[in-house]
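Thanks for coming. I will go through one protein structure today, from single contacts up to the way its parts meet. Please look at the picture first.

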Amino acid sequence: MLNLGLIGQAIAASRSPSLHRMLGRLNQIPVDYQLQEPKDSSVQAYSVKLAEIRSKGFVGVNVTYPYKQIAIDSADEVNEAVKKVGATNTLLLKDDKVCAFNTDYTGFIRGFKGRVGDLQAGKVLIIGAGGVGRAIGFALFEVGATEVFVTDLNEKSALSLVNAINDAGFKARYVAKDDIPAVAKDVDGLVNCTPVGHFKSLGMPISAELIENQKWAFDAVYTPMDTEFLVAANKKGLKIVSGFDLFFYQGIDAFEIFTGEKILDEKPVFDLFCTKYDVKSELI
């Protein structure tokens with residue numbers, strides 16, 4: 001039995017167990033994927049849970065809020081994506097080592113290419129500079145971004161991402177709230193990495209009137225799959241990359257890390273998962 005799991009807070013509704021168990025069945029690998037919630041958000045609580053998991057022989061775990069940055073300090077090895085982003089969401093527990101990866105980074109790249117093909121990301125406005133925003137901010141330069149504009153209600157978070165991107169040799173600029181309309185109309189892509197649009201936080205991260213001549217849009221929110229933001233973008237003719245694409249492909253990448261098995265044909269797996277677990281979209 002391959003023991004896997006997810007470490008995080010408020011994770012009861014996660015679809016990760018369903019995805020990994022299905023991938024296990026399709027690849028004839030018995031998988032047990034368990035949700036692991038530390039007693040609180042502290043470093044100590046995370047460390048206790050990780051030690052417990054390792055003692056039980058877990059092969060790997062995904063990591064979500066609020067431990068994506070905390071988890072780096074527990075790692076013996078980190079890959080290049082983790083070094084760039086400054087966060088991890090996937091830990092391989094092997095040979096008495098903790099190896100950290102960031103499949104939000106690689107999963108976005110895989111999902112983007114799957115939806116829009118060879119379209120270059122170009123100039124991009126990112127709304128939200130939290131953990132996912134940081135991963136997407138760096139990943140965009142792997143799919144043809146030329147410049148990234150970052151805005152966030154927390155100016156410090158936005159500037160941190162901007163500085164990290166520029167320090168890595170790419171091009172980024174901070175966007176104040178009042179400057180969003182002008183920037184939005186001049187970019188090729190729009191990215192929402194805020195919770196706005198979620199079932200529990202309905203609405204739009206950006207005014208619909210600002211969605212006009214861009215080429216593509218991505219929303220990290222995937223419940224619902226068709227957010228108001230993506231519906232508006234679709235109506236204006238933009239190509240769509242959904243938050244469910246990110247969820248699915250980061251999961252595929254994590255499964256490959258955990259097992260060493262390559263998922264060569266993702267589309268049938270994507271369709272099967274959506275059918276089995278009643279994931280519906282009118283847009284993709």
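A salt bridge here is a side-chain nitrogen of Lys or Arg within 4 Å of a carboxyl oxygen of Asp or Glu. One example is Lys-49 with Glu-52, where the closest N and O atoms are 3.5 Å apart. Why can these two residues pair up along one helix? Lys-49 and Glu-52 are three residues apart in helix H2 (residues 43-55), so about one helical turn separates them. Over the whole structure, the search finds 18 salt bridges.

Before going on, some housekeeping. This is a predicted model, in which local features need pLDDT of at least 70 and side-chain atom pairs count only at pLDDT 80 or more, while totals for chains, interfaces and linings use all residues. Residues are numbered from 1 along each chain as its sequence is written, and side-chain values use heavy atoms, with hydrogens and water left out.

Next, the strands. Helices (H or I, at least four residues) and strands (E, at least two) are DSSP runs, numbered from the N terminus. Two strands pair if DSSP finds at least two bridges between them. Six strands form an open sheet with mixed pairing, in the order S2-S1-S3-S5-S6-S4. Its edge strands, each pairing on one side only, are S2 (31-36) and S4 (77-78). S4 runs parallel to strand S6 (residues 97-101), and two bridges join them. In one of these, Glu-77 has Cys-99 in S6 as its bridge partner.

Now some backbone details in the loops. Tyr-65 and Pro-66 are joined by a cis peptide bond, with omega about 5°. Pro-66 sits in the loop between strand S3 (60-63) and S4. Another cis peptide bond runs from Thr-223 to Pro-224, with omega near 10°. Pro-224 is in the loop between strand S11 (216-219) and helix H8 (228-235). Ala-10 is not a glycine, yet its phi is positive, near 55°. Ala-10 belongs to the loop between strand S1 (2-7) and helix H1 (16-26).

Last, the domains. The protein is divided into domain 1 (2-101) and domain 2 (106-242), with bounds that come from an automatic or database domain assignment. Their C-alpha centres lie 26 Å apart. Four residues from domain 1 and seven residues from domain 2 take part in the contact, meaning heavy atoms within 4.5 Å.

How much area do domain 1 and domain 2 bury between them? The value is about 590 Å², 59% of it on carbon and sulfur atoms. Buried area is the accessible area (1.4 Å probe) that two parts lose on being put together, summed over both. In domain 1, Arg-15, Lys-84 and Val-85 lose the most area to domain 2, together 76% of what that side buries.

How many salt bridges are there between domain 1 and domain 2? The count is one. The side chains of Lys-84 and Glu-142 meet in a salt bridge, at 3.4 Å from N to O.
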